[in-house]
Amino acid sequence: MKDIFTHRTLKNGINLFIHSTDKFKTNTFCIFIHQNLKKETATMTALLPFVLKRGTQNFPTSRHISLYLENLYGADMGGDILKRGERQILQFFLETVNPKYIRGKDIMDDSLNVFKELVLNPVLEDGGFKEAYVEQEKDVLKRSIESLYNDKFNYAIERCFQEMCKDEAFSIYKYGNVEDLEKIDKSNLYSYYLECIYKCPMDFFVLGDVDEDDVACRIEKLFDFHRHAEKTVNSTCFKKEITKEKIVEENQDVNQGKLSMGFRTNTRYGDDDYYALMVYNGILGGGPHSKLFQNVREKAGLAYYAFSKLEKNKGLMLIGCGIDFSNFDRAVGIIKEQLEDIKAGKISNYEFDSTVKSIISSLKETADSPSMIISLYLDGIINGVRESTEDMIKKIQSVSKDDVRKVAQKIELDTIFFLNKK
Amino acid sequence: MDAFLGERLYSHKYNNGLTAFVLPKKNFNKVFAMYSTRYGSIDSEFIVPGTGEHLKVPEGIAHFLEHKMFEMEYGNVFDKFAELGASSNAFTNYTNTTYLFSATSFFEQNINLLMEFVETPYFTSESVEKEKGIITQELRMYEDEPEWQVLLNLLRCLYHNHPVRIDIGGTVDSIQKIDVDTLYKCYNTFYHPSNMILFVTGCIEPEKVFNLVEKQEAKKNMGVQPPIKRIYPEEPGFINTSASAIRLDVSEPMFLMGFKDTDVGYDGYELLKKELSIGILMEVLFGKSSEMYERLYEKGLIDDRFSFSYEGQKDYGFCTIGGETREPERLHEEILNSISKSRDKGISEEDFKRVKKKFLGDFIQGFNSVEFIATSFVSYYHKNIDIFDYLKALEDVKLEDVMRRLDSFFDFSRHAVSIVMPK
């Protein structure tokens with residue numbers, strides 16, 4: 001395969017991936033710090049980007065940072081948390097306008113400098129983070145975690161995965177949990193931060209109109225701090241015996257019922273039959289041509305939305321739809337029929353061909369967005385798969401209906417979650 | 001047209017009144033196209049061209065019509081797009097209805113299909129009845145979304161009569177009154193090519209698009225249509241009521257306040273300049289670099305979810321400011337105090353220049369995405385604004401313009417507050 005990113009390893013072990021292209025109006029920089037998803041550390045990891053964005057040694061408040069970024073033509077900078085399988089990733093990003101469009105002003109050093117400040121130079125007091133920042137951000141994070149409750153669509157998805165993976169790391173919410181926030185203070189969070197920065201695997205991505213050697217040199221200079229031997233990140237555990245399918249109902253004062261169904265596919269990214277699973281998912285619920293859309297929405301008129309999606313790192317699949325409370329049995333019945341039909345190989349040419357085309361098209365489309373290019377590449381790194389989108393397209397093209405039927409036999413329903421009225 | 005951020009725009013106007021635009025992006029893999037009519041949820045009363053009939057239609061019909069357009073005599077048009085490897089969609093807002101697709105192959109066939117289906121109404125009573133079930137679920141979904149409810153209630157406070165106070169999708173009751181006959185009347189009034197725009201961007205040659213549109217429009221052979229007469233009720237300059245509070249099953253209160261803009265009645269370049277002036281003003285007052293943001297954040301009244309925006313159309317305009325907060329009343333007071341203080345102090349040249357730089361950068365950043373380009377182009381076009389004037393208008397906005405808005409726009413007698421409280 002032809003890698004779109006060139007890869008270098010800095011002296012301190014940071015992986016630097018660069019893709020030079022003038023396709024976009026901006027230059028994008030991303031840092032990913034990988035960590036095992038564990039209850040003991042998940043909330044601390046989640047709190048870090050919140051605390052770090054409050055200020056740095058040279059930009060002591062968020063306001064200082066914002067003023068500076070606005071002067072850099074509204075450069076976007078921030079941090080967030082990603083959850084990929086049972087891996088929690090601390091992400092920092094910076095996006096700046098290509099100097100070509102602002103009369104050639106070179107803002108790269110200034111923007112990389114503030115980026116470095118954000119990640120490596122936090123405001124400190126008495127050997128820890130600034131206490132006021134930590135306490136305020138604990139409160140902000142607490143309310144952010146709680147606000148998932150207001151987003152019933154995602155709440156029903158998250159709750160299904162939580163119930164389904166009760167005793168597995170995957171059940172941990174990407175922003176951690178409220179109970180563990182209480183144990184965090186400025187000192188233990190700072191020690192944990194140092195561990196992340198010094199010991200966790202770190203990937204640095206650059207995508208934009210840059211000279212590779214030049215940008216590599218600038219980054220090497222700014223990020224050449226001493227690091228220790230890297231911790232290894234465990235691979236996601238993905239097999240689990242299912243004894244009996246669970247049904248969990250929760251009651252809230254809502255106007256629409258939200259149905260989620262969680263499955264173990266027993267296949268994940270990197271497996272030979274992963275591409276067959278992608279096609280399976282597309283046929284089942286990957287768009288208007290899918291069985292769920294056609295049957296739950298178009299034929300039965302039960303829902304406005306009905307879809308399925310994969311969690312490719314852990315080999316899970318989720319079906320979601322919003323229905324009237326009284327239609328729970330009917331909807332589950334229709335959905336199960338669709339699952340049985342694919343298992344029996346009842347796949348029309350239309351369903352199959354449309355799915356393959358739609359997957360190929362979305363793979364091609366990733367090349368039109370900097371963040372999607374990086375995200376897809378990151379998935380490869382996480383799962384130890386090196387392939388280009390062209391390789392993926394070839395593999396999708398070689399999937400047959402029978403491959404889909406075969407992969408369907410491995411898929412097991414684990415948990416049904418229903419958000420019902422009170 | 002001159003190159004703009006390295007882009008060039010091509011356009012062609014057809015005899016029946018349709019205008020097509022193409023913005024090529026050679027090194028992109030996809031083509032993104034929008035076919036859009038200047039017809040939204042607020043166009044609920046009008047004179048049917050030709051017959052002269054005065055019609056008042058059920059709330060939510062523009063959105064209902066959007067759903068039903070996907071149905072053809074041969075079945076569902078989603079299927080045809082899927083066969084061509086494209087994904088299609090549509091949306092309705094207060095002022096327009098837009099159909100779109102995104103594809104990485106069969107570009108010309110997809111454009112043909114987009115035009116063909118939007119130009120072919122096909123409604124049956126049976127399918128209209130079934131759609132009521134689907135849209136009911138769509139409306140129920142929004143009933144559970146506090147962000148949407150808090151905005152709807154704010155608009156009901158700000159407006160007495162203007163249909164912007166009504167939910168785009170209508171209500172579960174109002175959509176029951178929709179029938180085949182009224183759908184056709186709305187279609188025939190608002191889907192004439194002269195009321196529409198085709199915008200295509202991505203890896204495609206302008207000439208190819210213009211030629212195939214020519215053929216498509218020749219097939220239809222539609223004459224010109226006289227201007228559509230839209231009737232909007234008289235809207236007073238003052239607000240309807242100053243506060244709304246409801247309870248929903250949420251984790252903490254949600255707060256949204258808004259000011260009603262009474263400097264309305266014009267569109268085009270002047271509207272763009274107004275939007276930018278108010279946009280810059282709000283960024284200076286409430287943005288992340290503002291003194292207010294820092295103070296309220298420190299007090300725990302706001303966090304990153306705090307946001308603000310201005311929505312300006314020819315006949316109405318309003319801004320929204322708010323987010324999740326523990327103490328909605330206190331936040332309300334603090335925001336009003338900040339506005340008063342800024343009014344006394346004025347706005348510094350430094351703040352003004354810096355925020356302008358941010359606006360410039362944000363706009364350039366947007367041009368990374370064909371979806372952003374198409375969506376902005378089309379929504380501005382419907383307001384008679386040329387998006388390629390954006391940078392010029394940004395240059396044209398002076399500190400005095402922003403200061404003037406600070407005095408006139410934030411009139412406390414024209415503001416209202418909407419709150420969603422936990423149960």
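Let me start with one pair: R143(A) and D303(B) meet through their side chains in a salt bridge, 3.5 Å from N to O. Keep in mind that this is a predicted model.

That pair takes us to the interface. How many salt bridges does the rule find across the interface of chain B and chain A? Eleven. Now the contact itself. Chain B puts in 61 residues, and chain A puts in 63 residues. The size of an interface is often given as the accessible area lost when the parts come together. Here, chain B and chain A bury about 5600 Å² between them. Of that area, 47% is on carbon and sulfur atoms. Which residues of chain B lose the most area to chain A? They are Q137(B), D144(B) and D249(B). Together they account for 12% of what the chain B side buries.

Back to salt bridges. Over all chains, the structure holds 76. Here is one inside chain A. The side chains of K314(A) and E168(A) pair up at 2.8 Å, N to O. Where do these two sit? K314(A) is in the loop between β11 (303-311) and β12 (316-323) of chain A. E168(A) is in the loop between α5 (152-164) and α6 (178-181) of chain A.

Next, helices. Two packed helices are described by the angle between their axes and the distance between the axes.

Chain A first. Helix α9 (residues 274-285) of chain A packs with helix α11 (residues 328-343) of chain A. The angle is about 140°, and the axes are 10 Å apart. The cut-off for roughly antiparallel is over 145 degrees, and α9(A) and α11(A) are therefore oblique to each other. Their crossing is right-handed. From α9(A) come Y280(A), I283(A) and L284(A), which meet Q338(A), L339(A) and I342(A) in α11(A). By class, that contact has five nonpolar residues, one polar and no charged.

Now chain B. Helix α9 (residues 291-298) of chain B and helix α10 (residues 328-345) of chain B have axes that come within 11 Å. They cross at roughly 155°. Therefore α9(B) and α10(B) are roughly antiparallel to each other. This crossing, too, is right-handed. On the α9(B) side, the contact uses E291(B), M292(B), R295(B) and L296(B). On the α10(B) side, it uses L331(B), E334(B), I335(B), S338(B) and K341(B).

Helix α8 (residues 268-286) of chain B and helix α14 (residues 399-408) of chain B cross at roughly 75°, and their axes come within 9 Å. That makes α8(B) roughly perpendicular to α14(B). The α8(B) residues in the contact include K273(B), K274(B), S277(B) and I278(B). From α14(B) we have D401(B), V402(B), R405(B) and L406(B). Six residues of this contact are nonpolar, one is polar and four are charged.

Last stop, a single residue. Where is I231(B) placed? In the loop between β11 (229-230) and β12 (243-248) of chain B. What does I231(B) touch, leaving aside its neighbours within four places in sequence? It is in contact with E45(B), F46(B), I47(B) and H54(B). As for T97(B), I231(B) is 134 residues from it in sequence and 18 Å from it in space, C-alpha to C-alpha.

Technical notes
Residues are numbered from 1 along each chain as its sequence is written. Chains are lettered from A and ligands numbered from 1 in the order in which they are written. This is a predicted model: local features need pLDDT of at least 70, side-chain atom pairs count only at pLDDT 80 or more; totals for chains, interfaces and linings use all residues. Side-chain values use heavy atoms; hydrogens and water are left out. Axes are lines fitted to C-alpha atoms, for helices over the stretch in contact, and angles run from 0 to 180 degrees between N-to-C directions. Helices (H or I, at least four residues) and strands (E, at least two) are DSSP runs, numbered from the N terminus. Angles under 35 degrees count as roughly parallel, over 145 as roughly antiparallel, 65 to 115 as roughly perpendicular and the rest as oblique. A crossing is left-handed if the near helix is turned anticlockwise from the far one by less than a right angle, and right-handed if clockwise. Contact means heavy atoms within 4.5 Å. Buried area is the accessible area (1.4 Å probe) that two parts lose on being put together, summed over both. A salt bridge is a side-chain nitrogen of Lys or Arg within 4 Å of a carboxyl oxygen of Asp or Glu. Ala, Val, Leu, Ile, Met, Phe, Trp, Tyr, Cys and Pro count as nonpolar, Asp, Glu, Lys and Arg as charged, and the others, Gly among them, as polar.
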